[in-house]
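Visitor: Please bring the model up, and then I'll ask about one thing after another.

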Amino acid sequence: AGGAASRLYAQRSQGAENRLRGILAGPRLGGARGLRLGRGVTIDGPENVTLGHDVSLAGGVFLSATGDMGRVSIGDVTHVDRGSVLYGQGGLEIGARCAIAAHVVIYSQTNRFDLAPAGEILEQGTRYAPVKVGDDVWIGAGAVLIPGVTVGDHAVIAAGAVVTRDVPAWHVAGGVPARVLKDRREV
């Protein structure tokens, strides 16, 4: 029983610590209320980040909203799990009540390689395109979203999927590249 009690104490202690970090960071992040920040959360360009109330960013989450088009917006009661990376240099909007699992990567920019095929990769420049994730969306562990995609409200992205095109509302998508598998409303 001693081991279970010490684990419960550690969980409560970590929860309080996450809430305290959120209280301290909230004013710099648009006055977010009820914010929870795990250990090792990094936010580049906090002036371009807007977080709704009761957002939770677990340990090791990285948000980047730098550059001329950089912005990240996350809606109310959304949870981003450990080790996820959200690049908002081209604009990133995530809706309310979303569950983003561990190690999800969302890109709103990518390096070009097609401008001068014989030229060096690093001289090709960058392409920016906003990413939009609707309300009540679940993105499974290890999924990747590329620049320019939209995921509709109530959609589910399977673990490990690579989303290269839009996913309609209420649909489940999975695979590499991801394809629509079914409508959630159809049993």
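Visitor: Which residue in E7 is the bridge partner of Ser56?

Guide: The partner of Ser56 in E7 is His79. Strand E4 (residues 56-57) and strand E7 (residues 79-80) run parallel and are joined by 2 bridges; two strands are said to pair if DSSP finds at least two bridges between them. Helices (H or I, at least four residues) and strands (E, at least two) are DSSP runs, numbered from the N terminus.

Visitor: Before going on, what sort of model is it?

Guide: It is a predicted model, in which local features need pLDDT of at least 70 and side-chain atom pairs count only at pLDDT 80 or more, while totals for chains, interfaces and linings use all residues. Residues are numbered from 1 along each chain as its sequence is written, and side-chain values use heavy atoms, with hydrogens and water left out.

Visitor: How many helices and strands does the chain have?

Guide: The chain has 1 helix and 21 strands. Of its 187 residues, 40% count as buried, where buried means under 20% relative accessible area, exposed over 50% and partly exposed in between, with a 1.4 Å probe and protein chains only.

Visitor: And in what order do the strands of the sheet with E4 and E7 come?

Guide: That open sheet has 8 strands in the order E1-E4-E7-E10-E15-E18-E20-E21, with mixed pairing. Its edge strands are E1 (36-37) and E21 (179-183), each of which pairs on one side only. A further open sheet has 6 strands in the order E2-E5-E8-E11-E16-E19, and there the pairing is parallel. Strand E2 (42-44) and strand E19 (162-163) each have a single partner strand, so one side of each is left without a neighbour in the sheet. Inside that sheet, E11 (residues 105-106) and E16 (residues 144-145) run parallel and share 2 bridges, with Val105 opposite Val144.

Visitor: Back to E20: are its faces covered or open?

Guide: Both faces of E20 (residues 171-174) are covered, with His171 and Ala173 buried on one side and Val172 and Gly174 buried on the other. In a regular strand the side chains alternate between the two faces of the sheet. E20 pairs with E18 (residues 156-157) in the parallel sense over 2 bridges, where Ile157 has Ala173 as its partner. With E21, E20 runs antiparallel and is joined by 4 bridges, and there Val172 has Lys182 as its partner while Ala173 stands opposite Val180.

Visitor: What's going on in the turn between E20 and E21?

Guide: This hairpin has 4 residues between its strands, and Gly175 takes a positive phi near 105°.

Visitor: Which residues other than glycine have a positive phi?

Guide: Asp54 is one of them, with phi of about 60°, and His154 is another, with phi near 65°. Asp54 sits in the loop between E3 (49-51) and E4, whereas His154 sits in the loop between E17 (150-151) and E18.

Visitor: How many salt bridges are there?

Guide: A search of the whole structure finds 1 salt bridge, defined as a side-chain nitrogen of Lys or Arg within 4 Å of a carboxyl oxygen of Asp or Glu. Asp183 forms a salt bridge with Arg185, with 2.8 Å between the closest N and O atoms, and Asp183 counts as buried because its relative accessibility is 12%.

Visitor: Changing topic, is Gln89 buried or exposed?

Guide: Gln89 counts as buried because its relative accessibility is 14%, although its place is in the loop between E8 (85-87) and E9 (92-94). Leaving aside neighbours within four places in sequence, Gln89 is in contact (heavy atoms within 4.5 Å) with several residues, including Ser64, Met69 and Tyr128.

Visitor: And which residues form the nonpolar patch on the surface?

Guide: Phe113, Ile121 and Leu122 form it, with about 400 Å² of accessible area together. Accessible areas come from the Shrake-Rupley method with a 1.4 Å probe, and for residues only the protein chains shown count as cover. Patches are made of residues with over 30% relative accessible area and no salt bridge, with like charges joined within 9 Å and nonpolar side chains (Val, Leu, Ile, Met, Phe, Trp, Tyr) within 5 Å. Leu122 is in the loop between E12 (109-111) and E13 (126-128), and counts as exposed because its relative accessible area is 77%.
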